[in-house]
Amino acid sequence: MNIPILSSLILLPAIGAFFIFFVKSNNKKYQSSKYVALFISLANFLLSLYLWFIFDNTVSEFQFVENRKWIAGFVNYKVGVDGISILFIILTTFITPLCIISVNSTIENRLKDFLIAILLMETLMIGVFCSLDLLVFYLFFEGGLIPMFLIIGIWGGERRVYSAFKFFLYTLLGSVLMLVAIISIYWMTGTTDVEKLYVIGIDTKYQNLLWLAFFTSFAVKTPMWPVHTWLPDAHVEAPTAGSVLLAAILLKMAGYGFIRFSLGLFPIASEYFIPLIYFLSLVAIIYTSLVALMQDDMKKLIAYSSVAHMGFVTLGIFTMTQQGIEGSIFQMISHGLVSAALFLCVGVIYDRMHTRLISQYGGIVSIMPKYAILLMIFTLGAIGLPGTSGFIGEFLILMGTFKKNFLVATIASLGVILAAAYMLWLYKRVVFGKLINDNLKKMVDLKKYEILILWSLAIPTILFGFYPEPLINTIEVSVSNLIEMYNLNVEIYLGKNN
Amino acid sequence: MIDFNLILPEIFISLTLMFLLIVGVFKKNSSSLIYNLTILSLLVLLALVLNLSHIEEAFIFNQSYKIDNLSNFMKILTLISAIFVMLTSSKYLKLIKIFKIEYPVLILSSILGMIVMISSNDLIVFYMGLELQSLALYVLASFNRDNLLSTESGLKYFVLSALSSGLLLYGCSLIYGFSGSTNFDEISLSISNVQYGLTFGIVFILVGLAFKISAVPFHMWAPDVYEGSPTSVTIFFAILPKIAALTVFIRFLYVPFINMIDQWQMIIIFLSIASMIFGAVAAIGQKNLKRLVAYSSIGHMGYVLAGLTTGTNEGIQSSIIYLSIYLVMNLALFSCIFMLRRNENYFENIDDLSGLSKNHPVLSFSMLIILFSLAGIPPLAGFFAKFYIFKAVIEQSMYFLAIVGLLSTVIAAFYYLRIIKIIYFDPEKEKYDTDHSIGLKLSLLLSTIFILIYFIYPNGINDLVSKINII
């Protein structure tokens with residue numbers, strides 16, 4: 001009998017959370033619940049690496065598919081992975097243990113509950129990336145709101161209530177239309193199974209409306225301009241581990257959704273709405289980069305830079321070229337690593353100084369040299385300097401865009417310059433200069449576990465910058481299959497209309 | 001020849017309640033005995049109803065009384081909820097000193113009325129059941145007679161309910177006048193073309209029924225009565241009458257008047273939309289938990305009605321599933337409210353929940369699940385309830401209704417989140433007592449587990465409900 005490896009991946013963290021729930025909560029035992037969480041999440045990481053190892057990247061079909069009856073005669077519990085989703089699963093399982101290690105200093109009260117929330121979050125996020133049924137996808141996609149709401153609300157900063165509410169209501173409002181669309185698709189085609197829907201296709205008359213319904217949900221989650229305003233608030237108030245999860249993985253759900261559902265299910269509508277996406281992406285890239293320049297709060301600055309980076313991602317996805325989509329996926333993975341690391345870096349100095357205002361810092365390089373080096377690596381990664389993973393992603397996206405639209409690509413390239421401006425300026429103000437603030441002298445350099453976390457993020461950032469082959473190989477066949485299918489659909493449609 | 005087996009449950013409950021009344025009169029200090037006997041007799045009643053549950057369709061008393069899958073399911077639902085309601089509230093009754101012999105007897109007679117309503121296939125039988133349950137409820141609402149609010153709520157409920165019963169009766173007479181019969185099946189045979197007299201009759205009866213389930217614009221009594229009545233009566237109000245009223249809604253609209261669907265569909269759509277929006281918006285500013293539950297139940301009834309607008313079996317089934325899941329959530333929520341007790345005092349303001357999670361992690365966790373489920377967030381049971389409704393609604397291409405419904409869930413989510421915020425994010429207060437009765441703990445535990453793991457095996461209830469085919 002085969003082991004249902006995907007279901008194990010999904011269930012393992014939930015079982016861990018369940019287990020921790022029943023550990024008696026006195027202060028000493030907190031440590032043990034932390035080790036349980038760490039052990040579970042590491043086991044899950046190894047399991048996902050094993051999955052990658054046995055994954056066959058020469059075929060485009062979904063692999064390790066499990067199909068079980070769920071709601072009788074209506075929805076099946078169906079999961080499976082292809083080259084696109086497997087990378088996101090590994091990203092999730094990789095980031096989660098790092099989050100768990102990082103709670104060492106940041107979370108003081110109710111550590112047990114926090115670990116439960118993080119593990120449940122992992123379950124739901126892995127579920128999002130491998131579900132092959134629209135309703136199952138929706139379930140995981142929306143379910144993530146509950147633990148995230150609590151993470152921001154319980155362990156957040158001063159304005160945590162406002163941010164948690166804003167996050168929850170924005171995302172919920174975005175998603176309800178997707179539910180209507182999913183049910184409509186069921187009544188039109190008789191199934192919500194994604195694989196079957198790829199074959200059946202959806203009536204072109206309704207594609208535009210359905211596409212918009214999915215778009216509202218994904219646009220809020222991405223987030224795209226003008227519905228991005230929840231993100232800076234959520235990031236600023238969330239505890240470090242929460243920001244990391246949010247930036248590294250939650251935002252990627254929407255990008256993944258665009259690729260899997262918007263392109264896959266509604267090719268005609270996607271073609272129709274390309275100008276809209278280009279416009280919104282460009283606004284996101286230019287406008288939020290400018291906004292980022294003016295921030296005096298470090299977390300807010302990085303949050304806005306996330307919006308800009310996700311602007312590149314949506315731009316790349318809707319170029320419908322091999323380079324563009326591969327670049328977008330690569331950019332998402334790279335942004336997952338880099339933004340996670342940047343939030344952790346902010347967390348490191350926030351723990352010591354309890355302020356995130358840039359003006360309070362300056363001249364850290366002389367007291368925290370190890371920190372300065374690591375922050376440099378990630379700053380360069382965020383800028384997209386050649387030799388970091390950020391470069392490959394942005395380069396591929398711009399290459400894809402130049403193929404399709406010269407003007408859009410030119411404007412987007414300006415965004416790269418702006419990114420360099422705000423990131424380097426941030427770095428300069430925090431790390432270099434004179435030590436004005438006397439309190440800074442008390443700061444100690446990175447502790448062992450902080451070094452461990454940050455280097456384990458820095459190594460893949462540099463590694464994939466020089467050697468992107470393993471990632472590209474994994475996604476190549478799936479992406480080219482997607483584009484083939486897409487082009488075929490569009491050609492047939494155009495052929496009919498002429 | 002009348003087959004008395006079919007109405008054995010009704011006969012049994014009538015005899016029991018008379019017997020209990022006599023015991024109560026002749027034996028001193030027998031409230032505890034009667035309370036326990038009531039629970040026992042409800043269990044026996046459940047067994048009797050289950051014994052009949054294999055019957056697909058049977059009539060009795062000149063076709064005026066009907067046993068079918070719908071009535072069986074709804075009766076079982078009524079009885080199970082009644083048992084849990086009784087289990088949760090015994091300690092509360094003792095502490096606020098209304099643990100009297102009349103209380104369980106009134107509850108039983110109200111349940112008898114509901115069961116008659118559920119099985120009625122005739123306007124007169126239906127009216128009789130309705131009045132029996134309402135009369136018992138008027139007294140129950142004002143049962144804490146030394147309390148000003150309780151008396152007020154009983155009176156308020158009585159006046160408004162009597163008015164709505166009057167309208168309902170007028171509707172019955174119109175329908176009788178225009179169709180020549182009071183029997184549902186015969187009415188449906190005699191309708192050949194649309195007669196406006198019949199339409200008026202339908203409207204009047206719908207007003208009466210909408211009053212019973214507190215749909216907007218006939219909801220005005222609900223918040224005051226919910227707040228004023230003793231909590232043990234509020235939980236009864238919030239759960240049981242709705243089952244019976246929904247059954248009559250289904251039977252009345254789908255048996256005699258299914259062919260006049262274009263006459264009543266718009267009315268139900270209006271009731272549904274108005275209830276959903278009003279329930280969501282009005283609950284936002286509430287400070288009292290019971291009042292908030294009243295508004296939220298108005299909203300939830302809007303979703304139940306949305307299922308009824310479709311005119312299909314799927315629609316009815318989705319409404320029934322919604323109601324069943326909603327009852328469980330309500331039961332769980334009230335169990336939590338019963339647990340807010342400190343030094344023999346019960347607390348029912350939202351602020352009293354402040355920081356509950358620090359002192360009572362398990363109770364807060366249950367509330368978290370219940371509230372997210374009420375808000376309809378996946379993967380909890382409340383989401384599936386809404387999902388089935390929207391599935392049925394969208395099948396009929398009523399996109400407007402579906403979108404309005406979903407948007408009002410977002411508004412409603414706000415006030416549920418507010419409670420969660422108060423429980424989890426706010427500073428803590430004094431501890432509450434933890435010596436709850438086993439019945440209360442059991443009902444909270446079972447209902448929370450149901451809500452939490454419904455998604456693992458949704459087919460159980462679905463299979464049962466899918467047998468209910470009215471059309």
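**Close-up views of a predicted two-chain model**

**Figure 1. Helices α5(A) and α7(A) lie roughly antiparallel to each other.** The view is taken from a predicted model. Helix α5 of chain A covers residues 134-143 and helix α7 of chain A covers residues 160-189; their axes come within 10 Å and cross at roughly 165°. Because angles over 145 degrees count as roughly antiparallel, the pair α5(A) and α7(A) is described in that way. The crossing of these two helices, α5(A) and α7(A), is left-handed. On the α5(A) side, the contact is made by Leu134(A), Leu135(A), Tyr138(A), Phe141(A) and Glu142(A). Facing them, α7(A) contributes Ser175(A), Met178(A), Leu179(A), Ile182(A) and Ile185(A). By residue class, the contact of α5(A) with α7(A) divides into eight nonpolar residues, one polar and one charged.

**Figure 2. Helices α13(A) and α17(A) pack at an angle of about 160°.** Helix α13 of chain A (residues 298-317) and helix α17 of chain A (residues 406-431) have their axes 11 Å apart. The angle therefore makes α13(A) roughly antiparallel to α17(A). The crossing of α13(A) and α17(A) is left-handed. From α13(A), the residues in the contact are Met298(A), Leu301(A), Ser305(A), Ala308(A), Phe312(A) and Leu315(A). From α17(A), they are Ala412(A), Gly415(A), Ala419(A), Tyr422(A) and Leu426(A). The contact of α13(A) with α17(A) comprises nine nonpolar and two polar residues, with no charged residue.

**Figure 3. Chain B meets chain A through 24 residues, and chain A likewise gives 24 residues to the contact.** On the side of chain B that touches chain A, the elements giving two or more residues are α16 (381-395), α17 (399-424) and α19 (459-466) of chain B. Helix α17(B) supplies the largest share of this side, namely twelve residues. The residues of the side of chain B that touches chain A divide into 18 nonpolar, three polar and three charged.

**Figure 4. Chain A, the setting of the helix pairs α5(A) with α7(A) and α13(A) with α17(A), has 19 helices and two strands.** The C-alpha trace of chain A spans about 75 × 55 × 40 Å along its principal axes. The radius of gyration of chain A is 22 Å, which agrees with the value near 23 Å that a compact globule of 498 residues would have. Of the 498 residues in chain A, 57% count as buried. Among the contacts in chain A with a separation of 6 or more, 79% are accounted for by residues 24 or more positions apart.

**Figure 5. Chain B has 19 helices and four strands.** The radius of gyration of chain B is 21 Å, close to the 23 Å given by the globule rule for 471 residues, so chain B is as compact as a globular protein of that length. Along its principal axes, the C-alpha trace of chain B spans about 65 × 60 × 40 Å. Buried residues make up 55% of the 471 residues of chain B. Of the contacts in chain B between residues at least 6 apart in sequence, 78% join residues at least 24 apart.

Technical notes:
Residues are numbered from 1 along each chain as its sequence is written. Chains are lettered from A and ligands numbered from 1 in the order in which they are written. This is a predicted model: local features need pLDDT of at least 70, side-chain atom pairs count only at pLDDT 80 or more; totals for chains, interfaces and linings use all residues. Two residues are in contact if their C-beta atoms, placed from the backbone, lie within 7 Å. Ala, Val, Leu, Ile, Met, Phe, Trp, Tyr, Cys and Pro count as nonpolar, Asp, Glu, Lys and Arg as charged, and the others, Gly among them, as polar. The radius of gyration is taken over C-alpha atoms; the globule rule is 2.2 Å times the number of residues to the power 0.38. A residue is buried if 20 or more other C-beta atoms lie within 10 Å of its own, exposed if 12 or fewer, and partly exposed in between; C-beta atoms are placed from the backbone. Axes are lines fitted to C-alpha atoms, for helices over the stretch in contact, and angles run from 0 to 180 degrees between N-to-C directions. Angles under 35 degrees count as roughly parallel, over 145 as roughly antiparallel, 65 to 115 as roughly perpendicular and the rest as oblique. A crossing is left-handed if the near helix is turned anticlockwise from the far one by less than a right angle, and right-handed if clockwise.
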